[in-house]
Amino acid sequence: MKKGLLGLGAATLATLLLVGCSNGESKDSGKETITFINHRTDWETNGKWDEYIKQFNEKNPDIKIEVQTITDYAGQVKTRMNSDDYGDILMIPSDIKPQDYKNFFEPLGKKDELSKKYLGMNDRSYDGISYGIPSQMNATGLVVNMKVFKDAGVKEFPKTPEDFVKALKKVKEHNSEVTPLYTNYAAGWTLTNWDFVKAGAAGDADFTNKLTTDKAPFEDGKVMNTIYNTLYTVSKEKLIEADPTTSDWEQSKVDLANGKIGVMVLGSWAIPQVQQANPDNAKDIQFMAFPMTAPDGKQYMTVAGDYNYGINKHSKHKEAARKFLDWLVNESDYAKDNGGLPTVKGADYPASLKASQKAGVQLLEENPAPAGKESLFSDINDESQLGIGSTDKEKQRIIDAAIGNSKESFDDIMKDFNKRWSEAIEKVSQK
């Protein structure tokens with residue numbers, strides 16, 4: 001073996017010695033390689049990630065980025081998190097319990113310090129430490145083809161559930177070929193947006209925190225009941241797709257862009273995707289607040305972090321991963337390219353939100369949970385198995401009841417929700 005080494009050229013020997021001292025770090029032509037796992041499969045196929053990485057490498061030529069995109073992102077990544085193999089930098093799945101962040105992700109700094117520069121630092125922080133930084137901030141509301149509504153005689157977008165249902169009926173009466181509201185039932189995850197509007201609909205930055213002590217939040221007249229009743233009513237009145245169980249997410253964006261759909265409940269991130277489906281009609285696609293007015297007479301849209309970037313606690317390339325994370329948040333156009341609000345404080349509103357801003361709609365970011373209660377809502381939510389903001393099953397149940405696929409009434413479902421939520425509060429308080 002010694003004879004073999006001595007027979008090598010000096011440069012080759014030096015290279016071997018460097019590799020031997022690299023502590024196992026992956027190198028490619030002198031580059032440190034990190035793996036970035038995310039959900040943007042479309043960006044891998046259209047070359048957008050290649051464009052971003054090229055820009056990053058102009059300032060960081062010594063770091064090579066390998067991109068892995070996953071369609072069933074949350075499910076597959078959580079499975080991979082049972083091992084140490086879940087990349088170096090990744091989008092943090094939404095339903096990881098706050099107290100578990102430290103088991104999977106590298107601390108990024110103190111929340112109070114990071115909050116001076118960034119929005120949305122409540123979501124992936126625990127006990128004063130932040131484990132993620134939002135890729136962008138999203139408003140949740142309605143992606144609307146305004147031409148569809150104007151053609152039906154709706155000149156001003158409705159601000160109450162009652163007027164909203166009337167407007168959808170006008171759309172259907174004007175053109176029976178148009179689906180007034182598309183639920184995207186089959187996609188499932190899309191239905192969680194009906195939960196994400198809750199704080200904005202209430203006009204209350206502490207709304208989610210208050211849910212942890214309200215043992216009957218689904219009673220008639222309360223915000224959650226009104227939101228879910230709106231979903232039930234539009235479904236019962238046949239103002240949605242003919243067979244929701246066979247809805248098609250990708251096609252729905254095309255149909256909304258082409259005026260075959262009037263509105264979908266989504267985040268502001270969806271605006272560019274719909275507009276790109278038919279650039280000629282881009283001006284018709286606007287973003288509106290959920291049709292509810294807060295007690296102070298104003299309309300609000302909940303704004304919250306999209307997927308957060310996090311660093312694998314087990315990564316051997318944490319410094320390189322942090323450089324890429326910081327570049328994505330501070331320098332890339334990720335938020336702009338996705339119709340979101342930049343995470344960096346003071347950045348300009350995206351074009352998709354300026355119409356709502358002009359209409360006087362105010363953005364509302366929810367307050368963090370009180371100290372020591374950071375995981376209380378998620379604990380109650382998990383115990384109740386209602387999946388508020390995390391799963392689609394119960395929203396599908398509401399639609400099924402409305403269109404006659406089950407024999408339940410809306411009141412029956414709300415009574416069940418209240419029972420399960422109340423029992424969950426009791427059980428969690430005893431742990």
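Predicted model: local features only at pLDDT ≥ 70, side-chain atom pairs only at ≥ 80, totals over all residues.

User: At what angle do the axes of helix α19 and helix α21 cross?

Analyst: Two packed helices are described by the angle between their axes and the distance between the axes. Here helix α19, residues 376-384, and helix α21, residues 410-429, have axes that come within 8 Å and cross at roughly 125°, and the two helices are therefore oblique to each other. The crossing of α19 and α21 is right-handed. On the α19 side the contact is made by Leu376, Phe377, Asp379, Ile380, Asn381, Glu383 and Ser384, while α21 contributes Arg420, Trp421, Ala424, Ile425, Lys427 and Val428. Sorted by class, this contact of α19 with α21 has seven nonpolar, two polar and four charged residues.

User: Is serine 384 buried or exposed?

Analyst: Serine 384, which lies in helix α19, is buried, because its relative accessible area is 4%, and the cut-off for burial is under 20%. Leaving aside neighbours within four places in sequence, serine 384 is in contact with Arg420, Trp421 and Ala424. The buried residues of α19 are Phe377, Ser378, Asp379, Ile380, Asn381 and Ser384, and what covers them includes α12 (207-211) as well as α21.

User: How many residues of helix α20 are buried?

Analyst: Helix α20, residues 393-403, is mostly covered, with nine of its 11 residues buried. Those residues are Glu394, Lys395, Gln396, Arg397, Ile398, Ile399, Asp400, Ala401 and Ala402. The elements covering the buried residues of α20 include α10 (193-196), α13 (223-236) and α21. The residue following α20 is glycine 404, with a positive phi near 90°.

User: How are α9 and α13 packed, and what angle do they make?

Analyst: Helix α9, residues 161-174, packs with α13 at an angle of about 20°, their axes being 11 Å apart, and that makes α9 roughly parallel to α13, since angles under 35 degrees count as such. α9 passes α13 in a right-handed crossing. An α-helix has 3.6 residues a turn, so residues three or four places apart point the same way. In this pair, Pro161, Phe164, Val165 and Leu168 of α9 meet Thr226, Thr230, Thr233 and Val234 of α13. By class, the contact of α9 with α13 has five nonpolar, three polar and no charged residues.

User: Which residues have the most contacts inside the largest nonpolar core?

Analyst: In soluble globular proteins, nonpolar side chains tend to be buried together. The largest nonpolar core in this model has 59 residues, and those with the most contacts inside it are Leu142, Phe149, Phe218, Ile227, Tyr228 and Trp421. The element giving the most to this core is α21, with eight residues. Apart from this core lies another, of 40 residues, with Ile70, Val77, Ile89 and Leu325 among them.

User: What does isoleucine 227 touch?

Analyst: Not counting residues up to four places away in sequence, isoleucine 227 touches Trp194, Val197, Lys198, Ala201, Phe290 and Met292. As for Trp421, this residue is both one of those with the most contacts inside the largest nonpolar core and a member of the contact between α19 and α21.

Methods. Residues numbered from 1 in each chain as written. Heavy atoms only, no water. Axes fitted to C-alpha atoms, helices over the stretch in contact; angles between N-to-C directions. Helix = DSSP H or I, 4+ residues; strand = E, 2+ residues; numbered from the N terminus. Parallel < 35°, antiparallel > 145°, perpendicular 65-115°, else oblique. Left-handed = near helix turned anticlockwise from the far one by under 90°. Contact = heavy atoms within 4.5 Å. Nonpolar A, V, L, I, M, F, W, Y, C, P; charged D, E, K, R; others polar. Core = buried A, V, L, I, M, F, W, Y, C linked by side-chain atoms within 4.5 Å. Buried < 20%, exposed > 50% of the residue type's maximum accessible area, 1.4 Å probe, protein only.
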